[in-house]
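Trainee: I am new to this structure and would like a close look at a single part. Please start with one residue and then connect it to the rest.

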Amino acid sequence: MTATVTKSYALVGDADNVRSLEDDQFEDEVEDQWFSATIPRKQMKALMRRTDREAAIHFGIWGVLLIGSGAGAVLTWGTWWTVPFLLFYGVMYSMSDHQAHEASHGTPFRTKWLNDALYWLNGFMTLHETYYWRWSHTRHHTDTLHVGRDPEIAVMAPADVAKLFLDFFFVVSGWVQIRNIVKHAFGRIEGDGAHFIPDGERWKVVWNSRAYVMVFVATVCAAVIWQSWLPILLVVTPRFYGGFFPQFFNITQHAGLREDCLDHRQNCRTFHTNRVFRFLYMNMNYHVEHHMFPMVPFHRLPAMHEAIKDQCPPSYPSVWACYAEMIPAIRKQLTDPDYFVKRPLPGDMISAK
């Protein structure tokens with residue numbers, strides 16, 4: 001079970017707090033509970049190496065598409081052409097969910113301030129208060145799909161089917177996020193946050209939430225002053241009307257898989273998909289690889305997949321194959337909450353032969 005290189009659960013967040021593989025004490029400080037695939041140290045260092053180029057291309061294309069579709073909505077306002085422009089803008093805007101996630105790891109850019117700037121921008125766009133979400137996501141990686149510990153379980157057995165459908169437009173989760181931001185702005189940090197946010201970090205959550213609320217108020221004021229819905233349709237609400245896009249992918253990550261285990265091969269899915277979807281999803285279709293080695297940048301996950309695929313279950317051939325397995329599993333869990341999809345591991349497949 002012990003591998004040549006293991007992962008750290010703390011490797012999520014500010015790059016200043018991330019320990020390098022070059023630190024000789026790294027492995028001694030890493031918790032070694034989860035299964036971690038064996039990979040030579042030299043290859044691991046190469047896969048973890050960050051550059052600015054790939055991330056600059058990704059965020060540059062995204063920025064052009066976002067601004068272009070937003071400008072199209074503004075210029076065509078009052079005509080039916082606004083609808084397709086806003087729909088496309090909503091999808092681009094909702095990409096912030098995946099981009100904020102990747103930037104929270106500090107891995108897209110080698111340059112720290114670029115990671116931070118894009119994390120703050122995308123964090124606001126996806127309604128994830130940045131300080132809160134770094135601690136939340138650290139816990140998600142530490143205790144993936146562990147009930148009562150992981151605050152980011154999207155589909156818990158048995159599933160809340162109504163919530164599941166509503167969240168295709170970010171209705172439930174979005175409302176919870178806005179409510180939490182407002183509560184945090186008034187200094188009230190409760191629930192999961194009271195457990196995983198250190199006391200010394202809570203003031204950052206409070207003041208950053210106040211900044212978010214100021215933007216919310218400014219957006220509404222702009223709409224009133226200009227007597228137009230455009231400011232509201234361009235800020236915050238695109239995360240709702242474009243919410244079907246991130247949810248379409250996010251739900252495949254863990255739903256229907258085994259809870260409370262210490263092997264990401266059993267509680268995460270990796271699937272293959274086309275280049276456009278990989279761009280929009282930031283290669284998070286390689287989700288086993290991402291959870292096993294969270295400090296590998298998004299653009300190196302395909303290479304990581306090739307390096308460890310012989311130690312992992314077979315990848316799903318498409319996102320549709322994930323749904324074909326996931327939907328029946330969720331339905332079965334409604335009557336049998338102990339049911340889960342057991343992924344075949346390499347040893348199991350050899351024995352079956």
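Mentor: Let's begin with R265, which is buried at a relative accessible area of 9%; buried means under 20% relative accessible area, exposed means over 50%, and partly exposed is in between, using a 1.4 Å probe and protein chains only. Before going further, please keep in mind that this is a predicted model, in which local features need pLDDT of at least 70 and side-chain atom pairs count only at pLDDT 80 or more, while totals for chains, interfaces and linings use all residues. Residues are numbered from 1 along each chain as its sequence is written, and side-chain values use heavy atoms, with hydrogens and water left out.

Now to the partner of R265. Its side chain meets that of D263 in a salt bridge, with 2.7 Å from N to O. The term stands for a side-chain nitrogen of Lys or Arg within 4 Å of a carboxyl oxygen of Asp or Glu. D263 counts as buried too, with 11% relative accessibility.

How many salt bridges does this rule give? D167 pairs with K163, and their closest N and O atoms are 3.1 Å apart. Here D167 is buried at 5% relative accessibility, whereas K163 is partly exposed at 26%. K204 pairs with E201, the closest N and O atoms being 3.3 Å apart. K204 has a relative accessible area of 24%, so it is partly exposed, and E201 is partly exposed at 21%. Salt bridges also link K112, D116 and R134 into a network.

C261 is buried, at 7% relative accessibility, and so is C312, at 6%. In general, a disulfide is a covalent bond between the sulfur atoms of two cysteines. The rule used here asks for a pair of cysteine sulfur atoms within 2.5 Å, and by this rule there are zero disulfides. C261 is therefore in none, as the nearest cysteine sulfur, which belongs to C268, is 8.5 Å away.

Of the 353 residues, 53% are buried. A contact means heavy atoms within 4.5 Å, and among contacts with a separation of 6 or more, 72% are between residues 24 or more positions apart.

Helix α18, residues 301-308, shows how burial can follow a helix. Which of its residues are buried? They are L301, M304, H305 and I308. These residues cover an arc of only 105° around the axis, which puts them on the same side of α18; the arc is that of the directions from the helix axis to the C-beta atoms. As background, an α-helix has 3.6 residues a turn, so residues three or four places apart point the same way. The cover over the buried residues of α18 includes α2 (41-48) and α17 (287-292).

S96 lies in helix α5, residues 96-104, and is buried with a relative accessible area of 0%. Setting aside neighbours within four places in sequence, S96 is in contact with N122, M125 and T126. V215, in helix α11 (residues 202-226), is partly exposed at 34%. The C-alpha atom of V215 is separated by 9.1 Å from that of V235, which is 20 residues away along the chain.

The protein exposes about 16700 Å², of which carbon and sulfur atoms supply 63%; accessible areas come from the Shrake-Rupley method with a 1.4 Å probe, and for residues only the protein chains shown count as cover. I57, I61, L65 and F88 make a nonpolar surface patch of about 310 Å². Patches are made of residues with over 30% relative accessible area and no salt bridge, joining like charges within 9 Å and nonpolar side chains (Val, Leu, Ile, Met, Phe, Trp, Tyr) within 5 Å. Helix α3, residues 53-75, supplies the largest share of this patch, three residues. I57 has its place in α3 and is partly exposed, at 41% relative accessibility.

Key: Helices (H or I, at least four residues) and strands (E, at least two) are DSSP runs, numbered from the N terminus.
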